[in-house]
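Trainee: I would like to learn how to read a structure one feature at a time, starting with the aromatic side chains. Could you give me the general idea before each case?

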Amino acid sequence: MSQITHDRLLIIDFGSQVTQLIARRLRELNIYCEIHPYQKVTDAFLADFAPRAVILSGGPCSVIDAGSPRPPEGLFALGVPVLGICYGQQVMMQMLGGRVERGHGTAEFGRAFVTPSQQKTDLLQGWFDDTSEQVWMSHGDHVSAIAPGFEVFGTSPNAPYAITADPVRNFYAVQFHPEVHHTPKGARLYENFVRLAGFTGDWTMAAYKDEAIRKIRDQVGDKQVICGLSGGVDSSVTAMLLHEAIGDQLTCVFVDHGLLRLNEADEVVAMFRDNYNIRLIHADESELFLSALDGQSDPETKRKIIGGLFIDVFQKYAHQIEGAEFLAQGTLYPDVIESVSFSGGPSVTIKSHHNVGGLPEKMGLKLVEPLRELFKDEVRELGHELGLPASFIGRHPFPGPGLAIRCPGEITREKLEILRAADAVYIDQIRRHGLYDEIWQAFVAILPVRTVGVMGDGRTYDFACALRAVNSVDGMTADYYPFSHEFLGETATRIINEVKGINRVTYDITSKPPGTIEWE
């Protein structure tokens, strides 16, 4: 069966914290791209991947050090455009005959301003309307001599080769990070680069839907598929896509782990079973999960218990579905990337992703992950293509472990009921004020402390809670939402008056980083 193909751009990752943002900027331009760690990219890989263009990411290493990361030598003989960013620029210069030196007072971290040289390049169309452009620098080493064939097109106070290019070979290199928002015209630079590379922007969500359906049918054949449905956007879009691809071969298992929001189980069952006629098993396993979590306070332990029980529950219901050979789940591209270390070695675990890897062979089910190439906002766009209601697609993200990670410390049924009620009031407040669609994610966390209060003439000793609301493009970084004091005061009053068990309300103004969006 013929497959839809796209022009592909390869991003070689050298360990930058913002490599994913490069992919986001390109996806916004309808360019299909993939991120691969440098040690995976061999000459054989390049021949198989056949990229139309390549971007070399930034990274924490120094090209001067022995054994520092390198792309394969054959990259520069492919005859395709290459763009090096920060470390990517330095490694290009080092490998192509230039020179890189240690800082010696030329390091730049944060905002800088680049001014143009006399030469012009199509890479910078739309730049330098004024005398300089703001960019975001993050480098200690610096290029001290550019490689033969390269020319200088922009400089900054500490980077005399801030923008360089070899127009004959279509090699481009910049010392700054165009992918971050602190480089205001960075998106235009990427747009210029992919235009120079001959991309047509053929990667649309309508085309992706058709291609994904075709791939699902090829992979599954006439076998049965069980899909873990959490009620969140990711798993719901997965279920809808599978239903369109294979119809009655799909059975969804909605696991009610007792950690859902107020009335959420009923809403999910009604939408899928009643409105879309999808075969659905409502597995009320709340006692199983809550019993296993009893007395547990460590967040990683809680996540692993929940992830393990999900697998057990899937296995249990899979045995009841004759011919089930596949398990479908809503793994996204950021989950895949965050679960791989660019160096090939152990990386710091911020928090476990229960839907990536670690599925034991004893399940006897093969994985179907039709969203693993998509970012979150692309999943929402796919949901629109599949006809899911806008009100559902626009819901704020909800984590797989549910309220367990919004309940720091030990989980009790009492705390969960209080948390559900407080969260419902908070979201209602946000909707009443017309703010829901302006916010990436909002929720309440119940804190593992009790505080003294006064209600009426009596003393109270109840829980405190924290309100959380953030804005984000992709969930990788986030800033707290700037509610007015009037909104916060009104919301705190409603929660304390309407929710028995809470007598103190706080607002979390931590950004990500250093914090995470969720509390655990």
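Mentor: Let us begin with a group of rings: Tyr426, Tyr480, Tyr481, Phe483, Phe487 and Tyr507 are linked by ring pairs into a cluster. Rings of Phe, Tyr and Trp (its six-membered ring) pair if their centres lie within 6.5 Å, and planes under 30 degrees apart count as stacked, over 60 as edge-to-face and the rest as tilted. Keep in mind that this is a predicted model, in which local features need pLDDT of at least 70 and side-chain atom pairs count only at pLDDT 80 or more, whereas totals for chains, interfaces and linings use all residues. Residues are numbered from 1 along each chain as its sequence is written, and side-chain values use heavy atoms, with hydrogens and water left out.

Trainee: How many aromatic pairs does a search of the whole structure find?

Mentor: The search finds 16 aromatic pairs. In one of them, the ring centres of Tyr32 and Trp203 are 5.5 Å apart and the planes stand at 50°, so this pair is tilted. It joins distant parts of the chain, 171 residues apart, with Tyr32 in strand β2 (residues 32–37) and Trp203 in the loop between α4 (186–196) and α5 (205–220). Helices (H or I, at least four residues) and strands (E, at least two) are DSSP runs, numbered from the N terminus. Both Tyr32 and Trp203 are buried, a term that means under 20% relative accessible area, with exposed over 50% and partly exposed in between (1.4 Å probe, protein chains only).

Trainee: Why is the pair of Tyr426 and Phe483 called edge-to-face?

Mentor: The centres of these two rings are 6.3 Å apart and their planes are at 70°, so the pair of Tyr426 and Phe483 is edge-to-face. Tyr426 belongs to helix α13 (residues 413–432) and Phe483 to the loop between β19 (479–480) and α14 (485–498), 57 residues apart. Tyr426 counts as buried at 0% relative accessibility, and Phe483 counts as buried at 10%.

Trainee: What sits over the ring of Phe443?

Mentor: A charge sits over a ring if NZ of Lys or CZ of Arg is within 6 Å of the ring centre and within 35 degrees of the ring normal. Here the charged end of Arg406 sits over the ring of Phe443, 4.1 Å from its centre, and Arg450 lies over the face of Phe463, at 4.1 Å from that ring centre.

Trainee: Which strands pair with β12?

Mentor: Two strands pair if DSSP finds at least two bridges between them. Strand β12 pairs in the parallel sense with strand β15 (residues 324–328) over 4 bridges, where Leu327 is the bridge partner of Ile226. With strand β13 (residues 250–256), β12 also runs parallel, joined by 5 bridges, and Cys227 stands opposite Cys252. From β12 the chain crosses through helix α6 (residues 233–246) to β13 in a right-handed β-α-β crossover, right-handed meaning that, with the strands pointing away from the viewer, the path from the first strand over the helix to the second runs clockwise.

Trainee: Is β12 (residues 224–229) enclosed or open, and why?

Mentor: Since 6 of the 6 residues of β12 are buried, the strand is largely enclosed by the rest of the structure. Gln224, Ile226 and Gly228 point one way, while Val225, Cys227 and Leu229 point the other way.

Trainee: How much of helix α3 (residues 87–96) is covered?

Mentor: Helix α3 is mostly covered, with 9 of its 10 residues buried, including Tyr87, Val91 and Leu96. Just after α3, Gly97 takes a positive phi of about 110°.
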